[in-house]
Amino acid sequence: MSESPALSCVDAAQVTIELGGRTTAVSYSPGDTLLQTARMAGLSPPSSCEVGSCGTCMARLTEGCARMLNNEALEEEEVAEGWVLTCQAQPTTPVVRVVYE
């Protein structure tokens, strides 16, 4: 789920990414988005605008929390259901699991 923008990112986190039937666990580098983290792990998640406007990179948080720096694509209901724009989302908890559906 998304947390308030006032929260800062955690210094160390374990990010688990489910994409294309494959699960990959990687360490999080402070300041990176979930999309950047996935790319650093050698994955090719969907993306397009990378500024939080299109929704192409949306994925569901199934564990942990993240905050989005910008969100012009998701409705409040979608955010409440755990959806994030991975190009804008940064972990706020030590463990995060994100699923690209």
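Here is a quick briefing on the fold, the core and the salt bridges of this chain. The model is predicted, so local features need pLDDT of at least 70 and side-chain atom pairs count only at pLDDT 80 or more, while totals for chains, interfaces and linings use all residues. Residues are numbered from 1 along each chain as its sequence is written, and side-chain values use heavy atoms, with hydrogens and water left out.

**Fold and surface**
- The chain has 2 helices and 7 strands, where helices (H or I, at least four residues) and strands (E, at least two) are DSSP runs numbered from the N terminus.
- Going along the sequence, you get β-β-α-β-β-α-β-β-β.
- Among contacts (heavy atoms within 4.5 Å) with a separation of 6 or more, 58% join residues 24 or more positions apart.
- Of the 101 residues, 44% are buried; that means under 20% relative accessible area, with exposed being over 50% and partly exposed in between (1.4 Å probe, protein chains only).

**Nonpolar core**
- A nonpolar core here is a set of buried Ala, Val, Leu, Ile, Met, Phe, Trp, Tyr and Cys residues joined through side-chain atoms within 4.5 Å.
- The largest one holds 25 residues, and Ile17, Leu34, Leu61 and Met68 touch the most other members.
- At least two residues of this core come from each of β1 (13-19), β2 (22-28), α1 (34-40), β3 (58-63), β4 (66-68), β5 (83-85) and β7 (95-99), with β1 giving the most at 4 residues.
- Leaving aside residues up to four places away in sequence, Leu34 touches Val15, Leu61, Ala66, Val84, Thr86, Ala89, Pro91 and Val96.

**Salt bridges**
- The count is 4 salt bridges, each being a side-chain nitrogen of Lys or Arg within 4 Å of a carboxyl oxygen of Asp or Glu.
- Glu18 pairs with Arg97 at 2.6 Å, N to O, tying strand β1 to strand β7 across 79 residues.
- Arg97 also bridges to Glu63, with the closest N and O atoms 4.0 Å apart; this pair links strands β7 and β3, 34 residues apart.
- Together, Glu18, Glu63 and Arg97 form a network of salt bridges.
- Glu18 is partly exposed at 25% relative accessibility, Arg97 is partly exposed at 25%, and Glu63 is partly exposed at 38%.
- Glu101 bridges to Arg60, the closest N and O atoms being 3.5 Å apart; Glu101 sits in the segment after β7 and Arg60 in strand β3, 41 residues apart.
- Glu101 is exposed at 68%, whereas Arg60 is partly exposed at 22%.
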